[in-house]
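Here are a few friendly notes to read alongside the model.

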Amino acid sequence: MPSSASSASSCGDCTVLRSERLLLRPWNVDDAPALFELARDPRVGPPAGWAPHASVDESRQVIRDVLSAPHCFAAFLEDGGALVGCVGLTPAEASNAAGGGEAELGYWLGVPFWGKGLATEASRELVRYGFTELGLSAIWACYYEGNERSRQVMERLGMAYQRSAECDVPLLGERRVEHCMRLSRDAWAAAC
């Protein structure tokens, strides 16, 4: 559901998105120290399927190798500029859930920013962006069994449960049950 405070602007070859309290922009390697401060906390990465970061250098490498993907954004507070987390859309060809013309939404927040509605706010802006600017027909999101915070964000976005399956979590060398939810562009538009 779009927010009246949502907007998008372009800075050369990058997209910058805004919501009521957040600025979403592409990652750059200068974000590594702030990323490390959030991503080193063991309460952040493991529920999402990745290990806590061990150093600023590792965070820098993750920015280069993972977070620099198209439609992946660092989320900052508009008021004060603190990095709060990450939100992104993974295209169908790199997703286990999404099909052609669809994408998979992913997000995480640093612990100091939990419980403030920021994951939902950032994700709503990405959903709006995906449907109105990228022309997606549906957006998927998946969470691992036990990650209730993530499930609640998906429900607030209006996503509907689709399926569950056991899967590998390669970055942690584990198998977990993953639950997948979906929001179609038509359902999103009808709720607006």
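1. Helix α4 is mostly covered, with 13 of its 15 residues buried. Buried means under 20% relative accessible area, exposed over 50%, and partly exposed in between (1.4 Å probe, protein chains only). Helices (H or I, at least four residues) and strands (E, at least two) are DSSP runs, numbered from the N terminus. This is a predicted model, so local features need pLDDT of at least 70 and side-chain atom pairs count only at pLDDT 80 or more, while totals for chains, interfaces and linings use all residues. Residues are numbered from 1 along each chain as its sequence is written, and side-chain values use heavy atoms, leaving out hydrogens and water.

2. The length of α4 agrees with expectation: its 15 residues should span 21 Å at 1.5 Å a residue, and its end C-alpha atoms are 21 Å apart. The expected span is 1.5 Å times one less than the number of residues.

3. Rings of Phe, Tyr and Trp (its six-membered ring) pair if their centres lie within 6.5 Å; planes under 30 degrees apart count as stacked, over 60 as edge-to-face and the rest as tilted. The count comes to three aromatic pairs. Tryptophan 50 lies in the loop between α2 (45-48) and α3 (56-67), and tryptophan 108 in strand β6 (residues 102-109), 58 residues apart.

4. Phenylalanine 73 and tyrosine 129 also form an edge-to-face pair, at 5.9 Å and 90°. This pair links strand β4 (residues 72-77) to helix α4 (residues 118-132), and both residues are buried.
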